[in-house]
Amino acid sequence: MKTYDFSTIIDRTKSHSLKWEKYNGKDILPFWVADMDFAAPPEVIEAIQNRLQHNILGYTNSYAAMSEAFINYAKKMYGWKIQPEWIIWLPGLVCGLHLACRSIVGDVFVMPPVYPPFLSSPILSGKQRIDLPLIFDDVAYKNDKNKNAFRLDFASIEQHFQNAKANSLLLLCSPHNPVGRAWNADELQHLAKLAQKYNIVICSDEIHCDLLLDENLQHLPIEKLNTDLQLNLQTITLMAPSKTYNLPGLACALAIIPDANLRKKYKQVRQGIVPDANLFGYVGVETAFSQCLAWKEQLLAVLRKNHNELFALVNEELNAYGIAMQKVEATYLAWLDVRSLGEKISAADFEEFGLGLSDGSDFGNSGFVRFNFGCPNALLQQGLQRLKIAVKALWERNKK
């Protein structure tokens with residue numbers, strides 16, 4: 001089997017990297033934005049280099065082989081049968097969230113803490129945003145700290161769905177960023193049945209669905225429940241290879257919309273606003289979905305090791321300072337509860353100790369920080385050392 005390199009630390013400081021330029025000239029290691037510090041799959045690099053040999057970089061249409069690659073991938077990975085006409089190619093997943101909000105006339109439900117565009121896209125689309133916060137199962141957490149204790153609040157969800165305006169929308173993050181839950185079949189089935197009962201459209205962001213750190217888990221696309229349970233739920237599923245295969249700079253994603261009327265509306269609201277994806281994004285998508293499974297499996301082994309080391313540090317050492325972390329079932333993003341370090345604690349406090357994290361307030365939950373552990377282990381070790389120093393110093397400062 002071909003072996004891939006996930007240990008080399010690549011210098012990104014002079015590459016115009018969003019992640020690294022944030023702290024240019026400062027001794028701060030970035031563990032914030034969801035962008036891994038690994039080289040992209042060599043198969044993708046080679047495919048792009050081969051396409052460059054044509055020497056013309058003109059406007060490019062999406063093509064059948066891209067859709068075929070994804071359709072085959074979805075069938076293999078999730079047992080999900082997709083029709084080519086369901087697919088709409090996009091220059092990124094975030095614009096897909098905005099288009100979903102603009103495709104409905106009712107309100108938009110979100111479940112904070114959640115990826116920031118979930119919070120902003122309803123407002124920017126002129127819709128009322130209604131928050132249905134996740135709940136934390138304290139009893140389950142105390143009984144078993146090796147299980148993620150974040151839950152969907154079904155009682156609140158049904159109450160709000162029952163009183164929703166016609167043609168309202170739920171933005172679902174599955175798996176969830178930042179809390180790391182991979183919603184199980186029972187949870188998704190319950191949610192889908194409620195959405196169908198009250199005529200709520202679900203837009204499901206499933207961009208992290210191939211980053212399952214728990215080897216016993218299997219991703220279940222929300223749309224697949226229409227077939228499995230014989231439902232008539234309207235869905236928009238957003239996916240991309242950008243997180244799993246570390247290709248965010250190629251800016252290419254897709255929306256899968258089986259309902260013809262909803263798909264028509266979605267296409268209408270993008271006209272004149274959202275451009276097509278780019279040539280290299282198309283090449284990257286086709287290659288990632290058709291040739292890079294071995295790369296992904298080796299990546300997951302690295303991410304699991306990184307996760308376990310961060311999880312052990314927090315739960316075996318830093319819990320003495322009140323720091324808590326839920327086991328990450330999916331994604332490479334850890335959600336750290338740092339409220340014990342002060343009422344106004346934020347990611348900015350950690351920068352003083354050379355650690356660049358995402359601030360919980362951006363996700364709708366102050367007092368938390370998000371730690372991206374998608375990096376070579378040697379780089380992670382530097383981050384863990386800085387995290388230990390920061391927590392101890394901030395704890396002592398808060399107690400004075």
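User: Is Asp107 buried or exposed?
Analyst: Keep in mind that this is a predicted model. Asp107 counts as buried, because its relative accessibility is 7% and the cut-off for buried is under 20%.

User: Where does Asp107 sit in the chain?
Analyst: Asp107 is in a loop. That loop runs between H4 and strand E3, residues 108-110.

User: Which residues is Asp107 in contact with?
Analyst: Setting aside neighbours within four places in sequence, they are Gln128, Ile130, Lys165, Ser168 and Leu169.

User: How does the lining of the largest pocket divide by class?
Analyst: It has 28 nonpolar residues, seven polar and nine charged.

User: And what volume does the second largest pocket have?
Analyst: About 330 Å³. The second largest pocket has 22 lining residues, and Phe136, Gln326, Asp337, Arg339 and Phe368 lie nearest its centre. Strand E5 (135-136), strand E11 (324-325) and strand E12 (333-337) each give two or more residues to that lining.

User: What classes are in the lining of the second largest pocket?
Analyst: There are 13 nonpolar, six polar and three charged residues.

User: E11 and E12 came up there. What order do the strands take in their open sheet?
Analyst: The order is E11-E12-E15-E14, four strands with antiparallel pairing. E11 and E14 are the edge strands, each pairing on one side only.

User: How many bridges are there between E14 and E15?
Analyst: Two, in the antiparallel sense, with E15 covering residues 368-372. Asp359 has Val369 in E15 as its bridge partner.

User: What holds strands of a sheet together, in general?
Analyst: Strands pair through backbone hydrogen bonds, either parallel or antiparallel.

User: Okay, E9 next. How many of its residues are buried?
Analyst: Five of five, across residues 235-239.

User: Which residues are on which side of E9?
Analyst: Thr235, Thr237 and Met239 are on one side, with Ile236 and Leu238 on the other. Both faces are covered. In a regular strand, side chains alternate between the two faces of the sheet.

User: Which strands does E9 pair with?
Analyst: E8 (residues 201-205) runs parallel to E9 and is joined to it by four bridges. E10 (residues 253-256) pairs with E9 in the antiparallel sense over three bridges.

User: Last one, helix H11. How many residues does it have, and what is its reach?
Analyst: H11 covers residues 279-291, which is 13 residues. From first C-alpha to last, H11 reaches 18 Å, close to the 18 Å expected at 1.5 Å a residue.

User: Why call H11 largely enclosed?
Analyst: Because ten of its 13 residues are buried. Among them are Leu279, Phe280, Tyr282, Val283 and Phe289.

User: What covers those buried residues of H11?
Analyst: The cover includes H2, helix H3 (64-78), strand E2 (87-90) and E10. H2 also supplies part of the lining of the largest pocket, and E10 is the antiparallel partner of E9.

Terms used: Residues are numbered from 1 along each chain as its sequence is written. This is a predicted model: local features need pLDDT of at least 70, side-chain atom pairs count only at pLDDT 80 or more; totals for chains, interfaces and linings use all residues. Side-chain values use heavy atoms; hydrogens and water are left out. Ala, Val, Leu, Ile, Met, Phe, Trp, Tyr, Cys and Pro count as nonpolar, Asp, Glu, Lys and Arg as charged, and the others, Gly among them, as polar. On a 1 Å grid over the protein atoms alone, a cavity is a set of points where a 1.4 Å probe fits but cannot get out, and a pocket is an open set with protein on both sides within 12 Å along at least five of seven lines; lining residues have an atom within 4 Å of a point. Grid points are joined across faces, edges and corners, and a volume is the space filled by probe spheres set on the points. Two strands pair if DSSP finds at least two bridges between them. Buried means under 20% relative accessible area, exposed over 50%, partly exposed in between (1.4 Å probe, protein chains only). Contact means heavy atoms within 4.5 Å. The expected span of a helix is 1.5 Å times one less than its number of residues.
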